[in-house]
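Dear colleague,

Please find the structure below, followed by a short account of what was found in it. I would be grateful if you could read the two together.

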Protein chains: 2
Amino acid sequence: MLVRTCLALALLIALPAIADEAKKTPTPKELLAKASPAEWRTPDPKNLVYMDLPQGRVILELAQDWSPEHAANIRTLIREHYFDGTQVIRVQDNFVTQWGDPDGDDKKKAKSLGTAKQTLPPEFTRKGGSYTFTPLPDGDVYAPEVGFSEGFPVARDTKAGEAWIAHCYGTVGVARDTGAETGNGSSLYAIIGQAPRNLDRNLAVAGKVLKGMDILSAYPRGGEPMGFYDAPSQRVTIRSVRLAADLPAAERTPIQVLRTDSKTFAALVEAKRNRRDDFYTRPAGKIDLCNINVPVRDPTKKP
Amino acid sequence: MLVRTCLALALLIALPAIADEAKKTPTPKELLAKASPAEWRTPDPKNLVYMDLPQGRVILELAQDWSPEHAANIRTLIREHYFDGTQVIRVQDNFVTQWGDPDGDDKKKAKSLGTAKQTLPPEFTRKGGSYTFTPLPDGDVYAPEVGFSEGFPVARDTKAGEAWIAHCYGTVGVARDTGAETGNGSSLYAIIGQAPRNLDRNLAVAGKVLKGMDILSAYPRGGEPMGFYDAPSQRVTIRSVRLAADLPAAERTPIQVLRTDSKTFAALVEAKRNRRDDFYTRPAGKIDLCNINVPVRDPTKKP
């Protein structure tokens, strides 16, 4: 009798709690607020690039493990202040914002690359090797498998033994001429529209934008073919590009990225696959690789 | 002997031609230039909306066959000049640009809808009925099947007997509150980033932008949550919104859309699935629904 009463009482207490939980699935904001400090990753300052534009600071993370020779060359260019005074030269709607030396294609007028290399091996994919990989459950139109690796959206073909960073919104790639080895990192582009996944495996990915896409995506589109600006006056001049590692700690921008192999990230992906808020009448039940934003935070601010 | 000689001659003439053709697969521009006049569709002026902004004219095509009640209500709003003086109120990066009455949520201050309806049935999907459908060959993460129907990117689930216009870049949707019937077309949004396909089947699609995405996508992003502008001064005021059908022919903007059931469209899709130009070392062999732009032209201009 006591057992039965206790059980009944327990049910009385437990049932509304369960019902409440089902009704009140945590929102992405609540999930993030509850993430443990260990779930946040502090990027290596050697891979953190600050690009200061008149509209504010854009922060990129170099994909050191995916295109090491490009990362090294870009670091050399940054340390020799190559990018200071270069410009945003191209904004093609639903495609890319590209920056670099507007005279880069003119051998006589092009800015010197200093001690950086003029050509690099085409690090378009990564063959073999080990890397963390958190797969996504819903497949992909372009690749046999997709998921995340330390914050980067990754596609792979395990049969072919190849993996690569996908061209999603915010991915930063290395512009090049027709020859596969002609990219050197002196001109980069960020994806500002629908993921142009047909670029995958055809260009080296330098990294991704962690902060400042709202700046890079809102520049006026260029009037020339491919979105190049008609007149030099339309170009935005880059004040400076620096590596976080080269600045005193006080001048660095505090930034952390949610680990993509964390429980909170998995919960966020699931929350986006199946939106539980009242607005959505039919949760999608699916998610595409490039529809997932990896959260970034300023660790000095309270969530 | 004559036959053999003739054959040999024919081969001599034919072979280089074949080799040239293989090398010189026509570019998208060349394919478009060769499209026959019958492959171009002139949208019904009753479905063509001109939204005049300080930066230029945006042209939308209403999806009459997919959300007829919404199309009718939007026409009523346009004809009673509801939109003139309304504003771009929200620009959320990698998501939407939304316009309408900034006081629309405030019952006391909201602009009158005139004779337009306040609520509409939720035309989120199309059940049964017949429509043209040109399927794409590479599948989709979100739906069993995808393709095009008279220029609109469409997803469908034939088992469930449902089809809907997908939220791709440039798709125009009907903003609403939590209730499914609260949308009425007085506030619309255009997708300006990675296709948020989780909106599919949760909102009515009003149509798509045929021209002017370069304007809608380049406005400064709003600083409030969800991209609403902080200050009224940040909002861009819409000069006027008119139906092409209501203007004299001389004031209409000539525009045609490539038929998505045409041979040229099929060739363009294939050219994008497998880029043949020298730049691409590895054609993707695949294409996602929202990676395909439906070409638009001014028929009064030579290609």
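**Sheet, helix and symmetry**

In chain B of this predicted model, nine strands form an open sheet with antiparallel pairing, in the order S14-S4-S5-S12-S11-S13-S3-S2-S15. Strands (E, at least two residues) and helices (H or I, at least four) are DSSP runs numbered from the N terminus, and two strands pair if DSSP finds at least two bridges between them. The edges of the sheet are S14 (236-237) and S15 (240-243) of chain B; each has a single partner strand, so one side of each lacks a neighbour in the sheet.

Within the sheet, S4 (residues 87-92) and S5 (residues 96-100) of chain B run antiparallel and are joined by five bridges. B:Gln87 has B:Gly100 in S5(B) as its bridge partner.

Helix H3 (residues 68-79) of chain B lies across several strands, including S2 (48-53) and S3 (56-62), and runs at about 120° to S15(B). Such angles, from 0 to 180 degrees, are taken between the N-to-C directions of lines fitted to C-alpha atoms, for helices over the stretch in contact (heavy atoms within 4.5 Å).

Chain A is superposed on chain B by a rotation of 180° with 0.0 Å of shift along its axis (RMSD 0.0 Å), by least squares on the C-alpha atoms of residues with pLDDT of at least 70 in both. That is the relation of a two-fold axis.

Residues are numbered from 1 along each chain as its sequence is written, with chains lettered from A and ligands numbered from 1 in the order written. Local features need pLDDT (the predictor's confidence in each residue, from 0 to 100) of at least 70 and side-chain atom pairs 80 or more, while totals for chains, interfaces and linings use all residues, and side-chain values use heavy atoms, leaving out hydrogens and water.

With kind regards
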